[in-house]
Each structure stands twice: as structure tokens, then as C-alpha cells.
Amino acid sequence: MDIDKDLVAASATPLVLAILSEGENYGYAIIKRVSELSDGELQWTDGMLYPLLHRLERRGYVESFWGKSESGRQRKYYRLTRAGAEQLDWHRRQWEVVDKTMKGILSLAVGPSGERA
Amino acid sequence: MDKLSLEERIGQWRDYLQKRPVVRTADIDELEDHLRSQIEVLRQAGLDEDEAFLVAVKRLGDLDAISREFTIKYSERLWKQQVVISGSATALLSSYRDTRLAVGLVIASALAIKIPVLFGFHLSLAGLLTLLFICPISVSLCFRFWLFSLD
């Protein structure tokens with residue numbers, strides 16, 4: 001299913017913050033986790049994650065440090081800060097409201113051929 | 001033409017990115033780690049070096065678009081610098097003092113209307129001109145304070 005770009009963009013920040021709340025991680029693995037969590041439905045252009053991570057870092061929600069990959073390559077890791085955890089909490093509360101509202105009305109909405117969902 | 005090795009291809013890819021001043025070397029190192037991780041996975045899935053490189057580059061996305069995103073990232077910083085620089089004319093005034101000044105000027109403009117009336121004078125041309133001068137200043141200071149309070 002094609003998911004609307006705006007929706008993908010809106011969910012990107014809470015998704016990344018939530019994944020980092022599981023523990024420190026790096027770009028490639030974060031994208032793999034997104035794909036895993038959404039059964040491959042949420043597809044990002046891989047490269048777009050990095051400007052997002054850097055923005056989150058600049059806002060103080062994540063911090064980064066250089067480490068090594070299993071094969072000894074330089075790898076940049078990110079971890080959630082306290083401000084990031086608070087931000088994630090704010091996102092969670094917002095999404096819960098949106099989710100509850102949408103579920104409520106969409107279960108009542110009538111489909112194109114007159115059927116109920 | 002000789003077939004390029006994977007390392008040569010990655011080298012060319014780096015060179016292409018390095019031409020963009022907004023993408024820093026550390027950012028390229030980070031993207032390269034991503035590219036290599038993806039290539040490794042694709043190689044394990046049975047693709048040869050060339051195929052794996054091409055698919056990995058494709059998945060990483062349009063480098064121009066990514067560069068643009070990096071531009072947005074830095075232009076945000078530039079934008080902030082601009083705000084600070086344009087504010088440097090009033091750098092001696094903290095935003096707190098700006099507010100007090102703005103409030104003071106609003107009161108002054110109110111008084112400029114009220115005082116002459118209290119004393120039985122009608123608004124003179126000079127009074128009107130003073131008002132016309134003071135009001136925009138207080139409005140602009142209020143606006144500036146509002147801008148500062150946003151960030």
C-alpha cells in the first residue's frame with residue numbers, strides 16, 4: 001500500500017525517537033527497524049534519514065558519537081537524550097489522540113459500495 | 001573500458017558528494033557506512049558487487065535531494081544566524097529589556113494621546129507626528145519580542 005508522503009513525514013520523527021528509546025543505534029539499523037515494524041509498508045528513501053537525525057541532534061533530542069562497526073568501519077551512533085524522551089512522550093500523547101479519533105470515526109464510515117468497515 | 005572495482009566506485013560516489021559544500025566529510029563518512037552496510041546485505045543475498053552497488057545507491061536515494069535536505073538543515077542554521085545578526089543592532093538590549101521598552105513605548109503613545117486631552121488641548125500636529133513615530137517602533141519591538149519568544 002502506498003502511504004501518503006505527508007503521513008510518512010509526520011510519523012518519521014516519533015518513529016526515530018521511539019526506535020532510539022529501545023537503545024542507541026545507527027542509521028542503517030534504524031531503517032531496517034522501521035521496515036520490520038511496518039512489515040515493509042513504510043518505505044523511506046534511506047538517505048533522508050540522515051538530515052532528519054542531524055536535525056534531531058541539533059534540537060537536542062538525540063546525541064551522536066562515533067564508534068566502530070563489526071568489521072571495524074567508522075560508524076556514527078545515536079542515542080536518545082532526556083529532552084528526546086520528553087519529546088517522544090509528547091508525540092505519543094498526540095498520536096494516541098489522533099489514533100483514537102480516527103479509529104472511532106473510520107469504524108463508522110461507510111465504504112464506496114455502502115458497506116461498513 | 002576496464003570494469004571498476006567496488007572501492008573505485010565508492011570513491012567516485014564520495015567525490016560526487018564532496019563537490020557539494022553543504023555536505024560535510026563526516027556526513028559523507030556516515031552515508032558511506034550506510035552504503036557499505038547495504039552492499040554487504042545485498043552481496044549476502046547473492047548480488048554481485050556491481051549489482052549490489054547500484055541497488056544500494058538507488059536505495060540511498062537521489063543525492064541531489066539528500067544534498068538539498070542537508071542544505072535545508074544548514075540554511076535553518078543560517079536563518080538563525082541571520083536573525084541574530086539583524087538583532088545585533090539591539091544586541092545591548094536583551095529581549096527582556098526589549099519587552100520593557102516596548103511596553104514603555106506603548107504607554108508613552110497612550111499618554112501622548114491622553115495628556116493633551118486632559119489639559120484641554122486637542123491633538124496637535126506635533127503630537128500626531130510623535131504618535132506616528134512612536135507607534136511603529138513599539139509595534140516593531142513587540143513583534144521582535146514575539147519572534148524571540150518563538151525560538
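In this predicted model, Asp39(A) sits in the loop that links H2 and H3 of chain A. For background, most residues other than glycine have a negative phi. Asp39(A) also counts as exposed, because it has 7 C-beta neighbours inside 10 Å, and the cut-off for exposed is 12 or fewer.

Stepping back to the whole of chain A, there are four helices and three strands. Going from the N terminus, these elements come in the order α-β-α-α-β-β-α. Chain A has 117 residues, and 23% of them count as buried. As for contacts between residues at least 6 apart in the sequence of chain A, 47% link residues that are at least 24 apart.

Chain B is put together from helices, with six of them and zero strands. Buried residues account for 13% of the 151 residues in chain B. When contacts in chain B are limited to residues at least 6 apart in sequence, 56% of them join residues at least 24 apart.

Now for the helix packing in chain A, starting with H1(A), which covers residues 5-21, and H4(A), which covers residues 82-108. Their axes are 9 Å apart and the packing angle is about 125 degrees, so H1(A) and H4(A) are oblique to each other. The crossing of H1(A) past H4(A) is left-handed. On the H1(A) side, the contact uses Thr13(A), Pro14(A), Leu17(A), Ala18(A) and Ser21(A). Facing them from H4(A) are Gly84(A), Ala85(A), Gln87(A), Leu88(A), His91(A) and Trp95(A). Sorted by class, the residues of this contact between H1(A) and H4(A) come out as six nonpolar, five polar and no charged.

H1(A) also packs on H3(A), here at about 70 degrees and with the axes 11 Å apart. That angle makes H1(A) roughly perpendicular to H3(A). The crossing of H1(A) past H3(A) is right-handed. Ala12(A), Thr13(A) and Val16(A) of H1(A) make the contact with Leu52(A), Leu53(A) and Leu56(A) of H3(A). By class, the contact of H1(A) with H3(A) holds five nonpolar residues, one polar and no charged. Looking at Val16(A) on its own, and leaving out residues up to four places away in sequence, the partners are Ile30(A), Leu52(A), Leu53(A) and Leu56(A).

Over in chain B, H2(B) and H3(B) pack at an angle of about 130 degrees, and their axes are 9 Å apart. This puts H2(B) oblique to H3(B). H2(B) goes past H3(B) in a right-handed crossing. H2(B) brings Leu31(B), His34(B), Leu35(B), Gln38(B), Ile39(B), Leu42(B) and Arg43(B) to the contact, while H3(B) brings Ala52(B), Phe53(B), Val55(B), Ala56(B), Val57(B), Arg59(B) and Leu60(B). The class breakdown for the contact of H2(B) with H3(B) is ten nonpolar, two polar and two charged.

Next comes the interface between the chains, where 16 residues of chain B are in contact with 15 residues of chain A. On the chain B side, the elements giving two or more residues are H2 (25-44), H3 (49-60) and H4 (63-86) of chain B. H2(B) supplies the largest share of that side, with nine residues. The side of chain B that touches chain A has eight charged residues, along with four nonpolar and four polar ones.

Finally, there's the largest nonpolar core, which has 25 residues. The residues with the most contacts inside this core are Val16(A), Leu17(A), Leu20(A), Ile30(A), Leu53(A), Val62(A) and Ala56(B). Two or more core residues each come from H1, H2 (27-37), H3 (49-58) and strand E3 (74-80) of chain A, and likewise from H2 and H3 of chain B. H1(A) gives this core its largest share, five residues. In soluble globular proteins, nonpolar side chains tend to be buried together.

Definitions and conventions
Residues numbered from 1 in each chain as written. Chains lettered and ligands numbered in written order. Predicted model: local features only at pLDDT ≥ 70, side-chain atom pairs only at ≥ 80, totals over all residues. Buried ≥ 20, exposed ≤ 12 C-beta atoms within 10 Å, placed from the backbone. Contact = placed C-beta atoms within 7 Å. Axes fitted to C-alpha atoms, helices over the stretch in contact; angles between N-to-C directions. Parallel < 35°, antiparallel > 145°, perpendicular 65-115°, else oblique. Left-handed = near helix turned anticlockwise from the far one by under 90°. Nonpolar A, V, L, I, M, F, W, Y, C, P; charged D, E, K, R; others polar. Core = buried A, V, L, I, M, F, W, Y, C linked by C-beta atoms within 7 Å.
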